[in-house]
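Subject: Structure for you to look at

Dear colleague,

Here is the structure I promised to hand over, with my notes below it. Please have it open while you read.

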Amino acid sequence: MAKNTFFLRQQLIAPADETFPTNEIDLGAFVNLGSTKPQVLRVHSVQISFTDSQGLVPTIKAADSPADAKSAFCSFSITTKERSAANLIPMLSDDETMFTASIVGSNLNNNADQGIFSDAMDIAPQHLVNGYLVGVDTLHLYACADDAWSEAIYISVCLECSTEEVTKENAVNLALSQA
């Protein structure tokens with residue numbers, strides 16, 4: 001049976017200054033645990049793009065000489081729980097509040113040729129058998145871009161989702177997998 005999915009989108013701008021900007025995705029219209037017909041959100045996949053303000057590949061600061069080739073990184077995560085301001089460092093995959101994490105890298109080599117040379121999804125719902133079940137009203141987005149970038153990094157997120165009734169099985173799933 002085909003699943004009826006929809007898309008939720010959000011953007012987070014990470015300045016090239018090693019700060020930790022945050023943003024939220026409101027799920028209040030999709031998650032309702034306190035009603036007579038409780039429902040939760042299932043995230044089937046997450047697509048992330050790292051771009052500049054015009055949707056192009058972000059650039060890094062020019063090297064002073066060929067021997068001074070540079071690289072830049074930007075990390076991103078989505079969590080089910082808000083983190084304290086003192087604990088915004090990039091998250092590890094063993095944090096039970098995190099369900100998506102990604103990192104992107106770029107470099108400037110001797111030919112002044114640059115572009116995204118790597119990106120990795122540490123955890124993503126599409127890597128799981130049945131996606132990721134969410135029972136909270138808000139998802140929290142976090143990012144950090146190092147100061148080697150010459151511009152802010154625009155992180156655009158698209159979540160493919162569906163809603164479903166709460167059953168005994170998925171209530172146990174929520175209790176075991178999500179803080």
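**The salt bridge and its surroundings**

Arg42 counts as buried because its relative accessibility is 12%, where buried means under 20% relative accessible area, exposed means over 50% and partly exposed lies in between (1.4 Å probe, protein chains only). Before going further, please note that this is a predicted model, in which local features need pLDDT of at least 70 and side-chain atom pairs count only at pLDDT 80 or more, while totals for chains, interfaces and linings use all residues. Residues are numbered from 1 along each chain as its sequence is written, and side-chain values use heavy atoms, with hydrogens and water left out.

The side chain of Arg42 meets that of Glu164 in a salt bridge, at 2.8 Å from N to O; the term stands for a side-chain nitrogen of Lys or Arg within 4 Å of a carboxyl oxygen of Asp or Glu. Since Arg42 lies in strand 3 (residues 39–51) and Glu164 in strand 9 (residues 153–165), the pair ties together parts that are 122 residues apart in sequence. Glu164 counts as partly exposed, because its relative accessibility is 24%. The structure holds one salt bridge. In general, side chains of opposite charge can pair when their charged atoms come close.

**The overall layout**

The secondary structure of the protein comes to one helix and nine strands, where helices (H or I, at least four residues) and strands (E, at least two) are DSSP runs numbered from the N terminus. Read from the N terminus on, the elements run β-β-β-β-β-β-β-β-β-α. Of the 179 residues in the protein, 41% are buried.

**Strand 8 and its partners**

Strand 8, which covers residues 138–145, is mostly covered, with eight of its eight residues buried. Thr138, His140, Tyr142 and Cys144 point one way from this strand, whereas Leu139, Leu141, Ala143 and Ala145 point the other way. Strand 2 (residues 22–26) runs antiparallel to strand 8 and is joined to it by five bridges; two strands pair if DSSP finds at least two bridges between them. Within strand 8, Thr138 is the residue that stands opposite Asp26. Strand 4 (residues 70–79) also runs antiparallel to strand 8, to which six bridges join it, and Cys74 has Ala145 of strand 8 as its bridge partner.

**Loops and the surface**

Which residues gather in a patch of negative charge on the surface? They are Glu24, Asp26, Glu82 and Asp137; such a patch is made of residues with over 30% relative accessible area and no salt bridge, with like charges joined within 9 Å. Of these, Glu82 has its place in the loop between strand 4 and strand 5 (98–108), and Glu82 is exposed, with a relative accessible area of 57%.

Glu18 lies in the loop between strand 1 (6–14) and strand 2, and Glu18 counts as partly exposed at 42% relative accessibility. Although Glu18 is not a glycine, it has a positive phi of about 65°. Glu18 and Ala148 are 130 residues apart in sequence and 9.5 Å apart in space, C-alpha to C-alpha.

Leu27, found in the loop between strand 2 and strand 3, is buried, with a relative accessible area of 0%. The C-alpha atoms of Leu27 and Gly135 are separated by 9.0 Å, while the two residues are 108 residues apart along the chain.

With kind regards

Terms used. Patch = residues over 30% accessible without salt bridge, like charges linked within 9 Å, V, L, I, M, F, W, Y side chains within 5 Å. Areas by Shrake-Rupley, 256 points an atom, 1.4 Å probe, with all protein chains shown as cover. Lys, Arg positive; Asp, Glu negative; His and termini not counted. Charge placed at Lys NZ, Arg CZ, Asp CG, Glu CD.
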